[in-house]
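Here's a quick briefing for anyone meeting this structure for the first time. Have a look at the sequence and the model, then work through the points below.

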Amino acid sequence: MDLSRVVDVSVETSAGRVSFGSGYLVAPGLVLTARHVVCGDDSEVLGEPQVRFTEASAPVPCRVAWPGRADLDAALLECTGPVPQFELVRWGQLVASEAGIGCEAAGFPRSMEQDGGLRDVEHMRGQINTGTGLLGGRI
């Protein structure tokens, strides 16, 4: 995992509240995030999102390029300001049969909120056991 691709996503709603979450830069100027961060229960976009990269202090404005679907908690943001340049993310599927395959996740959880409202990175490592969710067809 490239931690410099991990972003803090925030959206100020029309009610003056802030919705926040995490995202990952998957292609030049495109950030994958959770749908519930940028859309309300009524499927309307909450406001204009912005992202903050770990290696830059200034937020980057974005627009919701794809709000996802109600049954899929994913959305795609297009950054409208300058962002770091990276190669495309490689996608794949786990096809192993053994247990204990290493994995990583990083994000900006509420528990890492600092003075002033900014959140710090939480970086976790774990294992995927391929038998989990087997009956549901999800490995």
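Aromatic pairs come to a count of 0 here, where a pair would be rings of Phe, Tyr and Trp (its six-membered ring) with centres within 6.5 Å, called stacked with planes under 30 degrees apart, edge-to-face over 60 and tilted for the rest. Keep in mind that this is a predicted model, so local features need pLDDT of at least 70 and side-chain atom pairs count only at pLDDT 80 or more, while totals for chains, interfaces and linings use all residues. Residues are numbered from 1 along each chain as its sequence is written, and side-chain values use heavy atoms, leaving out hydrogens and water.

**A charge over a ring**
- F20 has R119 over its face, at 3.7 Å from the ring centre; the rule asks for NZ of Lys or CZ of Arg within 6 Å of the ring centre and within 35 degrees of the ring normal.

**The barrel**
- Six strands make a closed barrel, in the order β1-β2-β3-β6-β5-β4, and the pairing is antiparallel. Neighbouring strands in this sheet are turned by 40° against each other on average, direction ignored.
- Those angles rest on axes, which are lines fitted to C-alpha atoms, and run from 0 to 180 degrees between N-to-C directions.
- Strands are DSSP runs (E, at least two residues), numbered from the N terminus, and two of them pair if DSSP finds at least two bridges between them.
- Take β2 (residues 18-27) and β3 (residues 30-33): they pair in the antiparallel sense over 4 bridges. L25 has V31 in β3 as its bridge partner.

**Salt bridges**
- How many salt bridges does the structure hold? There are 6 salt bridges, each being a side-chain nitrogen of Lys or Arg within 4 Å of a carboxyl oxygen of Asp or Glu.
- Buried means under 20% relative accessible area, exposed means over 50%, and partly exposed is in between (1.4 Å probe, protein chains only).
- R125 and E104 form another salt bridge, at 3.9 Å, N to O. R125 sits in strand β8 (residues 122-128) and E104 in strand β7, so the pair ties together parts 21 residues apart in sequence.
- R125 is exposed at 67%, whereas E104 is partly exposed at 33%.

**Around D2 and R5**
- D2 and R5 also meet in a salt bridge, at 3.9 Å, N to O. D2 is partly exposed at 28% relative accessibility, while R5 is buried at 7%.
- S4 is in the segment before β1 (6-12), and counts as buried because its relative accessibility is 15%.
- The side chain of S4 makes a polar contact with the side chain of D2 at 2.5 Å. A polar contact is a pair of N or O atoms within 3.5 Å; within protein, one must be able to donate a hydrogen and the other to accept it, and residues adjacent in sequence count only if both atoms are side-chain atoms.

**The loop with Q85**
- Q85 belongs to the loop between β6 (75-79) and β7 (101-107).
- Is Q85 buried or exposed? Q85 is exposed because its relative accessible area is 60%.
- The side chain of Q85 reaches the backbone oxygen of V83 at 3.2 Å.
- Q85 and R5 are 80 residues apart along the chain, and their C-alpha atoms are separated by 9.6 Å.
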